[in-house]
Amino acid sequence: MFPDYIFESSWEVCNKVGGIYTVLSTRAKTLQDVLSDRIIFIGPDCWGDKPCPYFEEDSSLFASWKAQASKEDLHVKVGRWQIPGQPIAILVDFNPFFEQKNEIYTQMWELYGVDSLHAYGDYDEASMFSYAAAKVVESMYGWLMTEIVAEQPKVIYQGNEWMTGLGLLYLRHKLPQIGTIFTTHATSIGRSIAGNNKPLYDYLFAYNGTQMAGELNVQSKHSIERQTAHNVDCFTTVSDITAKECVELLDKPVDVVLPNGFEDNFVPKGAAFTRKRGAARRRLLKVANALMGTNLDDDTLIVSTSGRYEFRNKGIDVFIEAMNRLLRNRDLKKQVLAFIVVPGWVGEPRKDLQERLQQEGQPSEEPLEVPMITHWLHNMGHDNVLNMMKFYDMHNRKEDRVKLIFLPCYLTGDDGIINMTYYDVVLGNDLCIYPSYYEPWGYTPLEAVAFHVPCITTDLAGFGLWANTVFGHQGEISDGVKVIHRTDYNYSEVADIVKDTVADYSNMTKDEVKAARKNAEQLSKKALWRHFIKQYYEAYDVALRKADERMAQI
């Protein structure tokens, strides 16, 4: 069975704050080509009177429904998401629902046993958005039935992450004819266990998710996630490794695994690729030389790690450890310039660095104060990256063959120092390194290989496991992706393997590097959405059949 209409909600629809934005925005065109404006995304109106840079309002779309929604006290903006395929998007103002918060939480407790008593932080905001998104679907479904369709359409509502759970449960109760799909991109309790330095994998079978949620103070997030998983028509996640987590921590096997694909239409081709790669390398080297008073040239091996600032989960600690060990590695044949590109509590771009970058002529040979960071932070004395570098006495001295720079901001093109977007920067790397401990999928390594940049990841990342499956063996750097076996306890061994792999890569011939880059690109082609969309079709079928069975019993 295939839907006539799909509604899909996420906090990251038209709101670029994380990896789910990439999942949805790259998949949209594939579904838009099939459904032609019958795929409708719902996101939060976080913008108020300011224009959303990812969204363009269109007053002609669903004008009569919008008038009806206004009478129902739903405040929405209807337009198109400015991504390939330009699908319809509805941004909903969820703030008015805060007045009904207690009544909504009471109803969810009575219907589904959702515990919102321990809510704090972003739980309330996410829940009110989730409820508002469900009210939008309820309203539009009624409008479709009276204004557009002659017979009952097959409709799917898919919510991403625990932040959409409350709305999924509301629709499950109010509109049982709609097939519901819940996709968890990472369990809140699994992420918490890993982030609190507890061993996750060896003890996964022994953990009680609800008990651990109480211990780690994430009861409400775990509760909504668990109850949603148990009550939707189709429960899904993004990788086999997270599917195991769901069984043990949410007590619910997933119905379908939905791996994260992408489209490569943002990857430049031919001469444009060469030009952009050169521009990225020149900019990174210029910033590094201005910061450190060095004269690194294009023969420098540029490596980086990036992603969310989850120090242990993303393996940022292992990356620093490996770079520190690489300082004393005799097999290293090149200067290494390493970047940590993760958003910290950024204050402002460094004025002294900006002034140097604007200077003409010979750059200064004196390093700036604190030559390890490009932007000042609000919490310089408590930052994990800076503190670990300080502990290891990593101060980017001129004689050091490995220099490590913290770039603690989102690369949107206007950060004040690099002034290039993340995608324009990543293709300037020679090697990308993601030694993750907790990584349900892993978009950053997938993006790296799409830009022909070989990468290092682990088999605790869904992407790493998938790559091993494609290769038929544990990935090596010559394959384009080095997949390191990682456990709860082999931190030091992983750091050594990262160190050795970088040293080995510095010794590879031009032809060997070219082959590794080609293999990286070829692997990325196997993760295009045209290959992975079939699993979504399977999930739609599961949800619609469950909804049909339910309606037959009513």
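1. Let's begin with helix α16, which is mostly covered: of its ten residues, seven are buried. Please keep in mind that this is a predicted model. The buried residues of α16 are G462, F463, G464, W466, A467, N468 and F471.

2. What covers these buried residues? Several elements contribute, including the helices α9 (240–249), α15, α18 (510–525) and α19, together with the strands β16 (455–458) and β17 (481–484). Just past the end of α16, G472 has a positive phi of about 85°.

3. Now for the rings. Searching the whole structure gives 31 aromatic pairs. One of them joins W441 and W466: the ring centres are 6.2 Å apart and the planes meet at 50°, so this pair counts as tilted. W441 sits in the loop between β15 (431–433) and α15 (443–450), while W466 belongs to α16 (residues 462–471), so the pair ties together parts 25 residues apart in sequence. Are these two residues buried or exposed? Both W441 and W466 are buried.

4. W466 also pairs with F532. Here the centres lie 5.8 Å apart and the planes are at 80°; because an angle over 60 degrees counts as edge-to-face, that is the name for this pair. The pair links distant parts of the chain, with W466 in α16 and F532 in α19 (residues 529–553), 66 residues apart. Like W466, F532 is buried.

5. R312 lies over the face of Y437, at 4.0 Å from the ring centre. R27 is placed over the face of W529, at 5.6 Å from the ring centre.

6. How do their axes cross? The axes of α15 and α18 come within 7 Å and cross at roughly 120°, which makes α15 oblique to α18. The crossing of α15 past α18 is left-handed. Where the two helices meet, L446, V449 and A450 come from α15, and A520, E521 and S524 come from α18.

Terms used. Residues numbered from 1 in each chain as written. Predicted model: local features only at pLDDT ≥ 70, side-chain atom pairs only at ≥ 80, totals over all residues. Heavy atoms only, no water. Phe/Tyr/Trp six-rings, centres within 6.5 Å; stacked < 30°, edge-to-face > 60°. Helix = DSSP H or I, 4+ residues; strand = E, 2+ residues; numbered from the N terminus. Buried < 20%, exposed > 50% of the residue type's maximum accessible area, 1.4 Å probe, protein only. Lys NZ or Arg CZ within 6 Å of the ring centre and 35° of its normal. Contact = heavy atoms within 4.5 Å. Axes fitted to C-alpha atoms, helices over the stretch in contact; angles between N-to-C directions. Parallel < 35°, antiparallel > 145°, perpendicular 65-115°, else oblique. Left-handed = near helix turned anticlockwise from the far one by under 90°.
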